[in-house]
Amino acid sequence: LSATKPKCKGVPLWPQIYFALRCGSKEEASDIIQEALDEGIPDRDLEDILSLLKETDNDAKEAEERLMHSFENLLVASSAFVQSQRGYDLAQLQEVHEPNPYKQLVLNVLLCSDPGKTQELLISIEDYMWFKLSFCGKEAERKESEVYIQSNFSLEKLQEEVTGKYGPSHFNQGGQTPYLYVSILVMCQLYGEAVRYLMRVGQNLQAVHICLALASMGYLTDSTSKVTRDGQLLPQELEVEENDAVYMEGVECSSIV
């Protein structure tokens, strides 16, 4: 695959850009792209990506449209490559762009396109959650900017995917990793469900500790019942909140005295 081409300073370019974004550094990704442009790497998409990352270019909308065209070409190339691997005529692959999974993933995230189109490089649950949450983060941006308009994915849809499509049996196979599912529920802002799940699997003490922490930070209150897919608070959770409120009130009174 062309994932190893081109190279910038002797290192494959597109994996560099992807991992910079994966680490949360748009600045580092921009610097890598600028170095590639300075080396004269012939790829118009690099300039367009740079304009999106810096969010200062007046032609950002036009850049997005060009990048969407490139992204669609990469999807076609990826599909053709898969077909060739299954015995179809390899000549079909030569009629379109070479597949480049790292570039495809970079464009998928930046364009906030369908989060189901590029997942072959997401080899861990952490990668999967980062990829999905990056689309949720664009929801607010989409309301204020004309640049990010492709995605209709949301936090609510991610919550439904995690709890409905997969569920605890997928993330806690054999009952060996209950905290993995809890951490994912917390990432999805399903705080009440995270506590309830611990109690369902017999981790009552841990559930109380996590419940206290979430309640003290304001993440687990009676308003939790209004959150989609988070349901009503358990009586035990309400009792913990009441005890926590009494404790905090006592602390405040003692500090005054």
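## Surroundings of Trp14

Leaving aside residues up to four places away in sequence, Trp14 touches Lys5, Pro6, Asp43, Leu46, Ile49, Asn100, Tyr102, Lys103 and Val106, where contact means heavy atoms within 4.5 Å. This is a predicted model, in which local features need pLDDT of at least 70 and side-chain atom pairs count only at pLDDT 80 or more, while totals for chains, interfaces and linings use all residues. Residues are numbered from 1 along each chain as its sequence is written, and side-chain values use heavy atoms, with hydrogens and water left out.

## Packing of H1 and H6

The axes of helix H1 (residues 13-22) and helix H6 (residues 101-110) come within 8 Å and cross at roughly 35 degrees, the axes being lines fitted to C-alpha atoms over the stretch in contact, with angles running from 0 to 180 degrees between N-to-C directions. Helices here are DSSP runs of H or I with at least four residues, and strands are runs of E with at least two, numbered from the N terminus. H1 contributes Trp14, Pro15, Ile17, Tyr18, Phe19 and Leu21 to the contact, and H6 contributes Tyr102, Lys103, Leu105, Val106 and Leu110.

## Chain and cysteines

The chain holds 14 helices and two strands, and buried residues make up 42% of its 257 residues; buried means under 20% relative accessible area, exposed over 50%, and partly exposed in between, with a 1.4 Å probe and protein chains only. Cys23 is exposed, at 69% relative accessible area, whereas Cys211 is buried at 2%. A search of the whole structure finds zero disulfides, a disulfide being a pair of cysteine sulfur atoms within 2.5 Å.
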